[in-house]
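Visitor: Hi! I'm new to this one, could you walk me through a part of it?
Guide: Happy to, let's have a look together.

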Amino acid sequence: MAGEDTTARRRGRRPGGQDTRTALLEAARAVFGESGFDGATVRAIATRAGVDAAMVNHWFGSKEGLFGQAILKLPFDPRELVAELTDGPDDEFGQRIVRTFLTRWDGAGGDVFQALVRSVAGHEQAAAVLRGFFQNFFTKVIGGLGSDRVELRTTLCASQLVGMGLVRYVAKFEPMASSEIEPLVTAIAPTVQRYLTGDID
């Protein structure tokens, strides 16, 4: 009977569907932020979310999959982001990229970016996931612009965005940490635009 009760309780969490998934994502962002990728455990994340640890595999496949969703694919869906950024004049691409990334990261809270940096710094697999994200993302973006030297341009753009996030959300250098978004767009976007379409020799 006890086994039946346990099974019933575990199955009872699944109808919560999206609620369970959302709880795991929120818990993962908190635990990854506190402990980094290596220090975060599936059990700790599940416990904070108030669900069985098996739900992590059910919804995300693995800790790596959960990290990808909680830290890299949030607060934005890369596919939707590419479509959003490509909707507009090519010469305003840098503005759209900087404005969109700052708006999404600000909206998600700085702890998301802090978790990203801590995890990437301490775990090669997490770093590989991040590299893959930027490579896929900017290859699509830059490829559509017809620019040359796509790989170099991709890494230059990534360095600008990651550096921007590091200074704003982790090191919290002032006045950048507390600046409104638009002044930062005005200052940073021309550099990103050059990386995308300009002369990089």
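Predicted model: local features only at pLDDT ≥ 70, side-chain atom pairs only at ≥ 80, totals over all residues.

Visitor: Okay, how many residues does H11 have?
Guide: Helix H11 has 17 residues, 181-197. From first C-alpha to last, H11 reaches 23 Å, close to the 24 Å expected at 1.5 Å a residue.

Visitor: And where does H11 bend?
Guide: At Ile-188, by about 40 degrees. A proline, Pro-190, follows within four residues.

Visitor: Which residues of H11 are buried?
Guide: Among them are Ile-181, Leu-184, Val-185 and Tyr-195. Ile-188, where H11 bends, is also buried.

Visitor: Switching topic: where is Ser-179 found?
Guide: Ser-179 sits in the loop between helix H10 (150-170) and H11.

Visitor: Is Ser-179 buried or exposed?
Guide: Its relative accessible area is 18%, and under 20% counts as buried, so Ser-179 is buried.

Visitor: What does Ser-179 touch?
Guide: Leaving aside residues up to four places away in sequence, Ser-179 touches Arg-168 and Leu-184.

Visitor: Back to H11, how do H7 and H11 cross?
Guide: The axes of H7 (residues 93-108) and H11 come within 7 Å and cross at roughly 130 degrees. The two helices are therefore oblique to each other, and H7 passes H11 in a right-handed crossing.

Visitor: Which residues meet there?
Guide: In H7 they include Phe-93, Ile-97, Val-98 and Leu-102. On the H11 side, Leu-184, Ile-188 and Val-192 are among them. Leu-184 is also touched by Ser-179.

Methods. Residues numbered from 1 in each chain as written. Heavy atoms only, no water. Expected span 1.5 Å × (residues − 1). Bend = angle between axes of the 7 residues up to and from the residue. Buried < 20%, exposed > 50% of the residue type's maximum accessible area, 1.4 Å probe, protein only. Contact = heavy atoms within 4.5 Å. Axes fitted to C-alpha atoms, helices over the stretch in contact; angles between N-to-C directions. Parallel < 35°, antiparallel > 145°, perpendicular 65-115°, else oblique. Left-handed = near helix turned anticlockwise from the far one by under 90°.
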